[in-house]
Every structure is written in C-alpha cells, then in structure tokens.
Amino acid sequence: MKRELLQNVRIQPYTSGDVFERTGFLSAVVGAVIGTAGALTLTIKHSDDGSTFESVSDELVFPDKKTKDGVYTADTLAKDDVVNIDIDLVGLKDFVKITASGAAATDTTLAIALGDSCVQGV
C-alpha cells in the first residue's frame, strides 16, 4: 500500500526570512498559529544561489489568491487562529525565502511543509 506522507514530505519549524532549499518539492504549506490579531502578509522571494533574491512574478504562486510580486495577505485574523497557506513552488528557483509581516506576524509561530516530492518513497 502506497502512503502519501511517508518519505514524501519535509515538515519543519520556520522563522520568517529564513532560506530553504525547495529542490525536489513542487508545493509547500506555511502553517501559522497567530500570536496577535490583525493581517498577516507573506512575501515570497527566490534565488538560484541562496544569496541574491528576487521577487516572484508568478501570479499563482499562492493558488488560493492571484497575487502580485509574491505578496499574499490574509486579513482579519484573530489571536490563536490556525492558518494554512498553500504555495505552488513549480515556477520558483531552488532557494526560497518567505517573510511574514503585518500585525498578525507578531508572536506568530510558523512551520513549513514541503510536499509533492519528485522522488516518491516506495
């Protein structure tokens, strides 16, 4: 029986602005437990070398909402809300950086799950 999670995803705590390598993964989900009520904005940038980052031009990098320059905003979040934001990594370079800002970014705990592995476990 094939399992979809086992050996096919990488889940890790995430700190706003950290760089991660997306090589081998086609999608991601950023999970957030909101620490302060308000809006949460995620800005995604990508790079070939992990040091020189540029804005994302793909308007559908966040499949739930058409965006410009890789910026996604979730409005009116309450303290302790749990939010999952889907990200399509297909058009992005190997190194990705996601920065959280806005009132809701204060004291918010983040995690990232990378999925749709190009190499499937058996």
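A: Strands E3 and E7 run antiparallel and are joined by 7 bridges. Two strands count as paired if DSSP finds at least two bridges between them; strands themselves are DSSP runs (E, at least two residues), numbered from the N terminus. Within this pair, serine 27 faces aspartate 88 of E7.

The model is a predicted one, in which local features need pLDDT of at least 70 and side-chain atom pairs count only at pLDDT 80 or more, while totals for chains, interfaces and linings use all residues. Residues are numbered from 1 along each chain as its sequence is written, and side-chain values use heavy atoms, with hydrogens and water left out.

Strand E3 (residues 25–33) is also joined to E9, by 8 bridges, and the two run antiparallel. Here phenylalanine 25 lies opposite serine 117 in E9. Strand E9 (residues 109–117) is in turn linked to E1 by 5 bridges, again in antiparallel fashion; arginine 10 has leucine 114 of E9 as its bridge partner.

Together these pairings give an open sheet of 4 strands in the order E1-E9-E3-E7. Strand E1 (10–14) and strand E7 (82–88) each have a single partner strand and stand at the edges, so one side of each lacks a neighbour in the sheet. From one strand to the next, the twist averages 20 degrees (axes are lines fitted to C-alpha atoms, and angles run from 0 to 180 degrees between N-to-C directions).

As for confidence, pLDDT is the predictor's confidence in each residue, from 0 to 100. The protein has a mean pLDDT of 92, with 94% of its residues at 70 or more.
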